[in-house]
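Try each task before you read its solution.

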2 protein chains.
Amino acid sequence: MEKGFILWFTGLSGAGKTTISKIVAEKLEKRGCKVEILDGDIVRENLSKGLTFSKEDRDINIRRIGFVAHLLSRNGVVGITAAISPYKAVRNEIREMYENFIEVYINAPLEVCEQRDVKGLYAKARAGEIQNFTGIDDPYEPPDNPEITCCTDKENLDESVAHVISSLEKLGYLT
Amino acid sequence: MEKGFILWFTGLSGAGKTTISKIVAEKLEKRGCKVEILDGDIVRENLSKGLTFSKEDRDINIRRIGFVAHLLSRNGVVGITAAISPYKAVRNEIREMYENFIEVYINAPLEVCEQRDVKGLYAKARAGEIQNFTGIDDPYEPPDNPEITCCTDKENLDESVAHVISSLEKLGYLT
């Protein structure tokens, strides 16, 4: 049986979580892993409709993602999560609760993410059309000791993906 | 890769869903299947805390269970669900939405389930301490064409389990 694990991407909106996680998923599948991406938006639609972006509701959403990622990983699947997951305490709660948890910090300065503004959300947040937007009027708490860090303002997509894969090898999750 | 599927138990509280599903899970694991039981209570705790037992909230809960069972089954895991899931429409919605859906109707008359009253819930419902209790003041809509039916008032546990397993063989999900 393949070894499952939880690959937990965290970072600001626009930092590159979804982009990197998709390519990493493809690479893992090519190596014979079973992979499931639990993207923030898809999870909110299917597991957390009705939840707001308050701290309390965000934490509930993150716990649900953690629970599902755990169900997958303990059955030999790589559960990739790609939600902002801005709060350190609940990420660490997931880390304590479940085995084979690997935190991937997608690190890009707020200015860079805001300039990219892939989904146009920063502009809306600045205009006051969205509240509780991470980085603008809601905090992002970076991890203290993430297993993997990608600095997407300094490295390109290929480099970030290669770094994730080689880190998984070093950590013993890939052979 | 093993073939995953969704084994969807439905029936009244006390009909025997949890008991049968646990033994079926053991039998499937002995045959080399990966199995995950999504029990009603565990799912409510981890995915649906705060939801009530209104029809709307029950349907949301069932859709979440279906989504997770689907994530598991498409990765080669047998996703066993054991929630009452009283409403036909949402069960059929899940059936339409996801592949390899097998409905197992655990059929026992209300009188039998109420007499067993394993969790003491029927007594509370009769006393008015619980509202929206399926079979008492909330409907149970049996499936029209379940793939498998177990009549737990007429067969014992071993017989029910054997019937589920042999039905899975006939349906081509087990070799």
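**Exercise 1: A residue in chain A**

Task: Is A:Asn100 buried, partly exposed or exposed, and why?

Solution: Start by counting: A:Asn100 counts as partly exposed because it has 17 C-beta neighbours inside 10 Å. On this scale, buried means 20 or more other C-beta atoms within 10 Å of the residue's own, exposed means 12 or fewer, and partly exposed lies in between, with C-beta atoms placed from the backbone. Next, locate A:Asn100 in the loop between α4 (88–97) and β4 (101–107) of chain A. Helices (H or I, at least four residues) and strands (E, at least two) are DSSP runs numbered from the N terminus. Finally, check the backbone: A:Asn100 is not a glycine, yet its phi is positive, at about 55 degrees.

A word on the source: this is a predicted model, in which local features need pLDDT of at least 70 and side-chain atom pairs count only at pLDDT 80 or more, while totals for chains, interfaces and linings use all residues. Residues are numbered from 1 along each chain as its sequence is written, and chains are lettered from A in the order in which they are written.

**Exercise 2: A residue in chain B**

Task: Where is B:Asp117 placed?

Solution: Look in the loop between α5 (110–116) and α6 (121–126) of chain B. Then turn to phi, which for B:Asp117 is positive, near 40 degrees. B:Asp117 counts as partly exposed because 15 C-beta neighbours lie inside 10 Å.
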